[in-house]
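Biologist: I've got a model open and would like to go through it with you, starting with the open spaces. Can you take my questions one at a time?

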Amino acid sequence: MRAWCIEDKQLQLDTLPDPQPGPEEIRVQVKAIGVNRADLLQVLGRYPAPPGTSSRIPGLEYAGVVSAVGERVQQRKVGDAVMGLVPGCAYAEQIITHEREALTMPEGMDFARAATLPEAFLTAYRALFLEGGLQPGQWCLVRPATAGVGLAATQLANTLGARPIGSSRDLSKLDTANDMGLAAQVCDDGTLTTQLNAITHGDGVAVILDMVGPDWNDLLGGLRAEGSLVNIGILGGLSTELNLGALLMKRQTLKSMTMRSQPLENRVRLAQIFNDRLAPLFASGALLPLPLETFPFDDANAAHQHMASNDFSGKRVIVVE
């Protein structure tokens, strides 16, 4: 098979032996690959794969067709259309994954659109509803609401009855999120507390999904008592000073989470949650795939360059012919 490998902090196309599935694993002939910012960081040596996963081949998200199954596989068969989130190695024509970690593709959806779903929607659902405890009717802040996870979070909150507020430094970049159900928008200009309290009439939001950091003092002033801030990214920096007194008096919760470094049993649990709770919403049209730009497999570097430009509100997908 062909695979994109990391050599000297660059992506290079190489030919490798076809992988073979273990007893409970499936091999997938990859048709489309979702591009994530973690892929760019891994190429630069700043986000290594978790133990047990090769760091040589990046890629967390795929859609394709089962091409081989292990001897104890029960739930999948050759020819099944699947998609999923993996700890790594998706930038290849074939990948190996546990049969229970694979997601069934929504009927009628093509592979490129399916590759926009797993990382964004699983991450957003876990952050907002499982970690944050968001309930119908409550306000939440999606920071920012301009790309994959932010757009998925906007859709999920709106579809499941909550009221999403989207942030961006440039409000013109929220047009796509507005179309997906934003109830309000705020400019990330250092006055988020004031803006959030104005929108919520002083109550504050129940959950903040934050991908930016690190200055949370301004954010926590707009988070209600006993609200939760769930951090999934640190695009704005690695360190901050925090007023613990204010955090304590409002009994607020800070959580951090990653998807990639979870043990297999957690990944399987999330896959089941997707199949039980989210797949029916895609089947009914209540949830939609993300806007996408496609790139041929032979030009994965172009997809990375497009993502680095930060000028697209949606998902980049590498298509394998």
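Modeller: Happy to. Keep in mind that this is a predicted model. Let's begin with the second largest pocket, which holds about 390 Å³ of space.

Biologist: Which element gives the largest share of the lining of the second largest pocket?

Modeller: The second largest pocket has 22 lining residues, and T53, G88, C89, I96 and T97 are the ones nearest its centre. Two elements give two or more residues to that lining, β6 (94-98) and α9. The largest share, 5 residues, comes from β6.

Biologist: How do the residues of that lining divide into nonpolar, polar and charged?

Modeller: Gly is counted with the polar group here, and Pro with the nonpolar one. On that basis, the lining of the second largest pocket splits into 12 nonpolar, 7 polar and 3 charged residues.

Biologist: Now the largest pocket. Which element gives the largest share of its lining?

Modeller: This pocket holds about 1,600 Å³ of space. It has 49 lining residues, and R37, M211, G233, I234 and L235 are the closest to its centre. Elements giving two or more residues to the lining include α3, α4 and β9 (163-168). The largest share is 4 residues, and it comes from α1.

Biologist: On to the packing. Which residues touch the most other members of the largest nonpolar core?

Modeller: In soluble globular proteins, nonpolar side chains tend to be buried together. Here the largest nonpolar core has 54 residues, and elements giving two or more of them include β5 (81-85), α3 (118-131), α4 (148-159) and α9 (264-284). There is also a second, separate core of 33 residues, which includes M1, L16, I26 and A300. In the largest core, the residues touching the most other members are M83, F121, L128, L134, L156, F274 and L278.

Biologist: Which residues is M83 in contact with, leaving aside its neighbours within four places in sequence?

Modeller: Contact here means heavy atoms within 4.5 Å. With those sequence neighbours set aside, the partners of M83 are Y62, A63, A102, L103, T104, M105, P106, A114, L117, P118 and F274.

Biologist: Which residues do ring pairs link into a cluster?

Modeller: A search of the whole structure turns up 4 aromatic pairs. Ring pairs make a cluster out of F121, F274 and F282.

Biologist: Is the pair of W4 and F297 stacked or edge-to-face?

Modeller: This pair links distant parts of the chain, with W4 in strand β1 (residues 2-7) and F297 in the loop between β14 (292-296) and α10, 293 residues apart. W4 counts as buried at 5% relative accessibility, and F297 counts as buried at 3%. The ring centres are 6.5 Å apart and the planes sit at 65 degrees, so the pair is edge-to-face.

Biologist: Which residues in α10 are buried?

Modeller: The elements covering the buried residues of α10 include β1, β2 (10-15), β3 (25-35), α1, β14 and β15. Just after this helix, N310 takes a positive phi of about 60 degrees. The buried residues of α10 are A300, A302, A303, H304 and M307.

Biologist: Last one, on the backbone. Is H201 buried or exposed?

Modeller: H201 lies in the loop between α6 (192-199) and β11, and its phi is near 55 degrees, a positive value in a residue other than glycine. The cut-off for exposed is over 50% relative accessible area. H201 comes out at 72% relative accessibility, so it counts as exposed.

Definitions and conventions:
Residues numbered from 1 in each chain as written. Predicted model: local features only at pLDDT ≥ 70, side-chain atom pairs only at ≥ 80, totals over all residues. Heavy atoms only, no water. Core = buried A, V, L, I, M, F, W, Y, C linked by side-chain atoms within 4.5 Å. Buried < 20%, exposed > 50% of the residue type's maximum accessible area, 1.4 Å probe, protein only. 1 Å grid on protein atoms, 1.4 Å probe; cavity = no way out; pocket = protein on both sides within 12 Å on 5 of 7 lines; lining within 4 Å. Points joined across faces, edges and corners; volume = space filled by probe spheres on them. Phe/Tyr/Trp six-rings, centres within 6.5 Å; stacked < 30°, edge-to-face > 60°.
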